[in-house]
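Please keep the structure open beside them as you read.

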Amino acid sequence: MKSITKAMVIAVVMILAASLAVAPAAARVGAITDVQDGDTIFVYETGLNLFNITQTGVTTVTSLRKYTDDDPTKALINEIPVSNRANFEVLDAAVNGQYGVYYSFPGVVNQASNTTTIREPTATLDVVLNTSHSDSIAGKSVTKATVLAFKITAPFVGANYKYTVGGTTFFDSQVKIELTTPGGGKITEFGTVNYGKIWLNNSQLYTDEAKSLNAASVLTDVEAGTYSAVVKWVRPGGFSDYAANSNSVTFTVESQIIKIESNKDTVVRGNSFVTTISGESKKNYYVYIKDASLTTGNQYPVILSGQPSVNRSAAANGVINAFANDEAGFLGTGAIVTTSASGTRPIEFNTSQVTDDRSFSIKIVDPLDITKYDTVKVKVEKGAVTLTASGDQTYFLGEEVTLSGTNTDSSNIYLFITGPNLAVNGERLDQVGTTSVTGTAGTFKQVTVETDDTWEFKWDTASVGLDAGTYTIYAVSQPNNKQDLTAVKYATVSVVIKKPFVTATTSASTVAKGDKLFISGTAEGNPTQGIAIWVLGKNYYLRATETVEDDGSFEYELTRGTTSGMASGQYFVVVQHPMYNDAFDIRPVVVGLQTFVFNAITGGGQNVFIIDGTGSLQGSDAAEALVQSINDANIDDTYTKLTFLVEEPWIQIDPIGDKYVGDTFTLSGTTNLAVEDELLVEVVSSSFKPTEKTQSGEFSGASGTTTIAKGDTYNTWSFDVDAATFKPDEYIVKVESIEASQTATATFNVLAGAAPTTAPTAGPTAAPTGEPTAAPTAAPTAAPTATPGFGALIALIGLGAVAVLVLRKH
């Protein structure tokens with residue numbers, strides 16, 4: 001059932017399509033204003049008689065109605081009022097862009113009802129060759145030898161604006177072609193043809209075939225320059241007054257009859273250039289390179305084969321040779337070229353590395369008149385090669401070097417290298433050991449040149465097998481080695497290759513437990529894996545890697561947490577560099593509870609010794625074994641060695657001595673704690689103790705922090721004290737490292753009065769005249785020298801309280 005239904009639908013569609021295809025265009029009868037059923041009418045028409053489209057059974061027409069899909073059973077889209085069916089005017093505003101089929105109303109409206117179709121009068125214009133209507137010259141240039149015509153397309157007006165009288169059909173629409181001259185003037189007569197009145201008797205017509213003209217424009221005597229043309233309506237009057245003009249077309253008339261130009265005055269051989277000839281439209285010309293007294297055809301530029309309307313065959317070359325006596329005469333140096341509709345044709349020439357570097361003259365000749373010719377010169381030059389190396393041209397083995405440059409001489413660049421113990425005439429850059437042989441491209445590193453004549457190659461020095469030294473890199477336009485560079489373009493750059501190395505030092509030779517220690521240095525050669533740091537001691541093993549910065553520096557920190565867990569004693573450090581292959585060939589491998597030092601190269605990979613776990617080597621033995629592993633002849637890694645001591649942290653206070661109220665003095669001492677660590681220093685009276693509520697409890701002392709400075713043997717610290725507000729008493733000094741949990745204490749006395757004045761250096765002015773003054777009758781009052789007892793204990797408690805306060809503050 002489905003197939004039957006589908007077949008019926010297809011049949012109906014085919015019947016409808018056939019009926020539409022054979023239906024002739026309706027024509028008005030008797031007069032252009034008498035509209036028949038099915039006729040097409042146009043906006044801007046006036047005085048139309050709609051009598052013959054009145055619906056059956058009614059005597060008037062009050063409106064024209066347009067429905068969706070031209071189906072009167074569907075929605076009404078537009079309705080145009082008709083006040084007088086005998087004198088109807090099609091107003092653009094009433095149509096409102098709703099073109100198509102309209103039904104007259106009132107009356108029974110169905111698919112069989114009377115209709116008219118409303119259209120907009122439109123026209124398009126083109127300008128073509130008289131000899132080839134399919135060749136448009138719009139936007140192009142032609143010579144004065146060209147004969148042209150205009151193509152007018154008016155699909156609705158040309159087919160429908162007509163009427164019949166007694167079996168004769170009359171077309172009643174008329175247009176003109178208005179041209180704007182190069183000077184801005186308006187004309188309708190152009191090239192001996194008057195385009196002022198053109199009857200439209202078809203949907204499309206050519207002015208050189210139109211009954212009202214039947215003539216083409218000959219441009220021999222027209223003004224040279226650019227013209228524009230447009231179609232304007234002449235009749236009916238409504239079209240002339242309101243209908244839009246056609247599109248505008250432009251074309252240029254050139255006064256020169258024959259010409260040849262090149263897109264390049266100079267071309268580097270190996271590249272192409274394009275000449276363009278100008279002449280009459282659709283005409284054959286001979287184009288050839290003039291004889292330059294060269295022995296072979298490949299020394300000349302060659303016309304590219306396969307170009308449209310460019311015949312460079314042997315037969316064509318024979319015709320040109322017979323015609324001209326100044327032609328080079330080789331296949332590909334001449335062609336018979338047919339111009340386009342615009343009288344032009346581009347012709348591409350190729351050059352190669354064997355094209356002679358000189359100027360060539362290319363000639364165009366009219367085969368019908370040898371006096372009509374033109375020539376253009378194109379100079380072919382040798383190209384050039386440039387080469388630069390990234391950076392300062394000094395590199396470490398393992399670094400990647402970017403080589404780049406330009407090559408205007410060929411489409412490839414060929415690289416080789418010379419230097420110590422290499423082949424005299426060079427070896428392939430990326431495969432040292434392969435001797436470069438002239439003419440054998442595979443013995444050079446070949447790099448493709450980009451379309452902008454640039455090239456680039458990233459040279460990995462890690463895998464080329466070179467030793468340190470000075471080398472020269474060659475970039476050549478052809479696969480020629482050092483002894484065959486005379487006839488080719490090349491460039492060189494010298495590079496210095498150095499072995500990578502590593503240096504390191506510790507921030508201190510001794511570190512206190514719980515303090516930081518830095519291992520820093522330089523690792524040249526751009527190791528992407530970084531460097532490996534091994535720390536070995538008694539029952540101690542640590543291995544870590546550290547990134548190397550762009551400037552080759554690195555720094556590794558043994559944290560406070562790490563050193564606090566290390567036993568006192570000597571430790572050995574080995575800093576390992578991966579070297580040329582950028583891989584650690586000696587590295588740790590964990591097997592169960594043991595860690596082995598693994599040699600990844602020798603014997604295809606093997607464990608060397610145990611560095612951690614049961615049976616492991618300790619301290620200096622482990623360090624020596626590790627160094628010997630790296631020293632293996634098959635291993636390219638390198639290293640540097642360091643040692644440092646870990647000690648229990650200590651702080652020492654230098655002897656202080658008695659001070660006086662008002663003194664300023666410096667407390668100092670030494671320590672094995674790290675430089676720039678902070679120490680908390682507190683100076684407090686031993687009498688500082690709790691008081692009753694009714695007693696005053698003044699505090700006498702000082703506190704603050706100080707930074708450890710580097711010393712000669714041990715690091716030092718100092719703290720300035722101003723005793724202006726101190727009371728005479730015994731004072732306790734406490735120096736504490738919070739991070740290292742280490743404290744030192746000392747005491748000193750502050751005395752009343754002033755410090756004794758130093759005796760003058762000069763001798764007495766006179767000898768004493770009598771006995772010395774008797775000793776005082778009473779001993780002077782002693783300064784307070786109370787020994788620390790309970791009060792001192794309380795003072796220490798007070799110090800602890802102050803320390804807590806300071807810690808909280810920090």
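1. Let me start with Thr 640, which is buried because its relative accessible area is 17%, where buried means under 20%, exposed over 50% and partly exposed in between (1.4 Å probe, protein chains only). Thr 640 is found in strand S50, residues 638–647. Helices (H or I, at least four residues) and strands (E, at least two) are DSSP runs, numbered from the N terminus. Setting aside residues up to four places away in sequence, Thr 640 touches Val 502, Thr 503, Ala 504, Val 573, Val 574 and Val 575; contact here means heavy atoms within 4.5 Å.

2. A word on the source: this is a predicted model, in which local features need pLDDT of at least 70 and side-chain atom pairs count only at pLDDT 80 or more, while totals for chains, interfaces and linings use all residues. Residues are numbered from 1 along each chain as its sequence is written, and side-chain values use heavy atoms, with hydrogens and water left out.

3. Now for the overall picture. The protein chain holds eight helices and 58 strands. Of its 810 residues, 44% are buried. Among contacts in the chain with a separation of 6 or more, 67% are between residues 24 or more positions apart. The chain exposes about 40100 Å², and carbon and sulfur atoms supply 50% of that area; accessible areas come from the Shrake-Rupley method with a 1.4 Å probe, and for residues only the protein chains shown count as cover.

4. Which residues have the most contacts inside the largest nonpolar core? They are Phe 150, Ile 177 and Phe 251, in a core of 54 residues. A nonpolar core is a set of buried Ala, Val, Leu, Ile, Met, Phe, Trp, Tyr and Cys residues joined through side-chain atoms within 4.5 Å. At least two residues of this core come from each of S2 (40–42), S7 (124–129), S9 (147–153), S12 (174–180), S19 (225–235) and S20 (249–254). The largest share, four residues, is supplied by S19.

5. Phe 150 deserves a look of its own. Not counting residues up to four places away in sequence, its contacts include Leu 125, Asp 126, Val 127, Ile 177, Leu 179, Tyr 195, Ala 229 and Phe 251. There is also a second, separate core of 26 residues, which includes Ala 389, Val 449, Leu 466 and Ile 497.

6. S31 and S33 (residues 400–406) run antiparallel and are joined by two bridges; two strands pair if DSSP finds at least two bridges between them. Thr 388 has Ser 404 in S33 as its bridge partner.

7. On charged pairs, a search of the whole structure finds 18 salt bridges, each defined as a side-chain nitrogen of Lys or Arg within 4 Å of a carboxyl oxygen of Asp or Glu. One of them joins the side chains of Arg 65 and Glu 79 at 2.9 Å, N to O. Arg 65 belongs to strand S3 (residues 63–67) and Glu 79 to strand S4 (residues 76–81), 14 residues apart. Arg 65 counts as buried at 18% relative accessibility, whereas Glu 79 counts as partly exposed at 36%.

8. Asp 69 forms a salt bridge with Lys 74, with the closest N and O atoms 2.8 Å apart. Asp 69 is exposed, with a relative accessible area of 60%, and Lys 74 is partly exposed at 40% relative accessibility.

9. Lys 282 and Asp 135 meet through their side chains in a salt bridge of 3.0 Å, N to O. Lys 282 lies in the loop between S23 (272–278) and S24 (284–289), and Asp 135 in the loop between S7 and S8 (141–143), so the pair ties together parts 147 residues apart in sequence. Asp 135 is buried, with a relative accessible area of 17%. Elsewhere, salt bridges that share partners join Asp 515, Arg 560 and Asp 677 into one network.

10. Finally, Asn 317: buried or exposed? Asn 317 counts as buried, at 6% relative accessibility. Asn 317 lies in helix H5 (residues 314–323). Its contacts, leaving aside neighbours within four places in sequence, include Glu 327, Gly 329, Phe 330 and Leu 331.
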